[in-house]
Amino acid sequence: ASPTHAGVLWTHGDSGTGNWLFAINAEGQLLARVRVRGAVNVDWEDITHDDQGRLWLGDIGNNYSGRRDLAVHRLPEPDPGDASGDASGDASGQVEVQLSVPYHFPDQTRFGDRLADFDAEALFWWRGQLWLLTKHRSDDRTRLYRFPALSGEEVALVLVASFDLGPSLSPGPRKPWTGQVSAAEVSADGRNLAMLTYEAVFVFATPESGDGAEMFDEQLARVAFDQAKTRQIEGLAWVGEELLMINEDRAVFRIKEPLTRTRYP
């Protein structure tokens, strides 16, 4: 969700879709498109904003755990009113990357192995720092890492915690993409972390103190949904007390009162 422009959400495509940001509203209507300059979309997977209103774009996708060029990019939030919302492919809006921060996983010893579990699609800002959650293929866990610095120099992420998503919620044989984290976001007041998988949203109360190791200690909700309808769902945002999700087919889904639900129709 935009930190500056009410009713605006920022989204993007991942690998193969070009260097574009899209401003949409909560109904999924296109408001603007903006070309990002100074970074190439190898596999953009998530976007968040810091406490100064700047956007952070995660080139963090790593399907086979083989990349050695992972990075996050900081850019000023564009003004949607300065960009074109037409479908011609042209855009009057542009934004320059201000800072790129390369990173690596210090505990990674295997590269080019799909089961090495160093893919990621979830990036969020909390307590003045940038955090990342991994997407696993060998098990149903996710690992939480922290960026120790954001100065532009390459950094080794700091492993903070891990969480077991549990068995698939879908009946019958295991379905594609279950047990994998595909997005995350902290609420505007900083009190709740929402974490998206392909079949549920988990909501946790963020710890009041500490280094984040207790991030998963207080689970407030797990809201399941029908994967056959939501399909490959990879975007998540808090809008007030509601959650909006978006899939790769550009469908937007709304979860009202996520803290009071266990399953959503």
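**Strands, charges and a surface patch**

Ala 184 sits in strand S14 (residues 181–186); strands here are DSSP runs of E with at least two residues, and helices are runs of H or I with at least four, both numbered from the N terminus. This is a predicted model: local features need pLDDT of at least 70, side-chain atom pairs count only at pLDDT 80 or more, and totals for chains, interfaces and linings use all residues. Residue numbers run from 1 along each chain as its sequence is written, and side-chain values use heavy atoms, with hydrogens and water left out.

Is Ala 184 buried or exposed? Ala 184 is buried, because its relative accessible area is 0%. Buried means under 20% relative accessible area, exposed means over 50%, and partly exposed lies in between (1.4 Å probe, protein chains only). Thr 197 comes 13 residues apart from Ala 184 along the chain, and their C-alpha atoms are separated by 9.1 Å.

Now turn to a sheet. Five strands form an open sheet with mixed pairing, in the order S4-S5-S6-S8-S12. Strand S4 (46–49) and strand S12 (155–156) stand at the edges, each with a single partner strand, so one side of each has no neighbour in the sheet. Two strands pair if DSSP finds at least two bridges between them.

Strand S5 (residues 55–59) pairs with strand S6 (residues 71–75) in the antiparallel sense, over five bridges. Within this pairing, Trp 56 has Arg 74 as its bridge partner in S6. The hairpin of S4 and S5 has five residues between the strands, and in it Gly 53 takes a positive phi near 80°.

S5 is mostly covered, with five of its five residues buried. In a regular strand the side chains alternate between the two faces of the sheet. In S5, Leu 55, Leu 57 and Asp 59 point one way, while Trp 56 and Gly 58 point the other way. All of these are buried.

Next come the charges. A salt bridge is a side-chain nitrogen of Lys or Arg within 4 Å of a carboxyl oxygen of Asp or Glu. By this rule the count comes to ten. One of them joins Glu 27 and Arg 254 (3.6 Å, N to O). This pair links distant parts of the chain, 227 residues apart: Glu 27 is in the loop between strand S2 (20–24) and strand S3 (30–37), and Arg 254 is in strand S20 (residues 252–255). Glu 27 counts as exposed because its relative accessibility is 57%. Arg 254, at 29%, counts as partly exposed.

Asp 69 and Arg 67 also meet in a salt bridge (2.7 Å, N to O). Asp 69 is partly exposed at 42% relative accessibility, whereas Arg 67 counts as buried at 13%. Another salt bridge joins Arg 110 and Asp 113 (2.4 Å, N to O). Both are partly exposed: Arg 110 has a relative accessible area of 41%, and Asp 113 has 25%. Salt bridges that share partners join Glu 27, Glu 242 and Arg 254 into one network.

Last, the surface. Glu 208, Asp 211, Glu 214, Asp 217 and Glu 218 form a negative surface patch. Patches are made of residues with over 30% relative accessible area and no salt bridge; like charges are joined within 9 Å, and nonpolar side chains (Val, Leu, Ile, Met, Phe, Trp, Tyr) within 5 Å. Asp and Glu count as negative, Lys and Arg as positive, and His and the chain ends are not counted. Glu 214 lies in the loop between strand S16 (200–205) and strand S17 (219–224). At 33% relative accessibility, Glu 214 counts as partly exposed.

Conventions
Accessible areas come from the Shrake-Rupley method with a 1.4 Å probe; for residues, only the protein chains shown count as cover. The place of a charge is taken as NZ of Lys, CZ of Arg, CG of Asp or CD of Glu.
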